[in-house]
Amino acid sequence: MRYEFRVSGQLSPAVAGAFPELDEATVPQETVLYGPVTDEAHLYGLLVRFQDLGLHVVELRRLPD
């Protein structure tokens with residue numbers, strides 16, 4: 001499975017580094033992180049990481065395989 005996470009604002013290199021399994025792209029006023037998610041536990045783990053870092057996830061969607 002591949003997912004895309006849209007986060008408010010631009011991430012610092014240190015914060016982006018907290019998601020080594022995801023690729024990063026910056027668009028106006030948001031950062032897009034995307035990549036493989038192995039299973040449901042991994043997905044929830046990523047969401048917890050976003051929350052722990054105080055990031056606001058604007059959108060989450062599964063990408064076509």
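Author: Buried means under 20% relative accessible area, exposed over 50%, and partly exposed in between, with a 1.4 Å probe and protein chains only. This is a predicted model, in which local features need pLDDT of at least 70, side-chain atom pairs count only at pLDDT 80 or more, and totals for chains, interfaces and linings use all residues. Residues are numbered from 1 along each chain as its sequence is written, and side-chain values use heavy atoms, with hydrogens and water left out.

Reader: Is Thr 31 buried or exposed?

Author: Thr 31 counts as buried, because its relative accessibility is 0%.

Reader: Where does Thr 31 lie?

Author: Thr 31 belongs to strand 3; strands are DSSP runs of E with at least two residues, and helices are runs of H or I with at least four, numbered from the N terminus.

Reader: And what does Thr 31 touch?

Author: Not counting residues up to four places away in sequence, its contacts (heavy atoms within 4.5 Å) include Phe 5, Val 7, Leu 11 and Ala 25. A polar atom of the Thr 31 side chain lies 3.3 Å from the backbone nitrogen of Leu 11.

Reader: Turning to the sheet, in what order do the strands stand?

Author: The order is 2-3-1-4, in an open sheet of four strands with antiparallel pairing; two strands pair if DSSP finds at least two bridges between them. Strand 2 (23–27) and strand 4 (57–63) each have a single partner strand, so one side of each is left without a neighbour in the sheet.

Reader: How many bridges join strand 1 and strand 3?

Author: Seven bridges link strand 1 (residues 2–8) with strand 3 (residues 30–36); Tyr 3 has Gly 35 as its bridge partner in strand 3.

Definitions and conventions:
A polar contact is a pair of N or O atoms within 3.5 Å; within protein, one must be able to donate a hydrogen and the other to accept it, and residues adjacent in sequence count only if both atoms are side-chain atoms.
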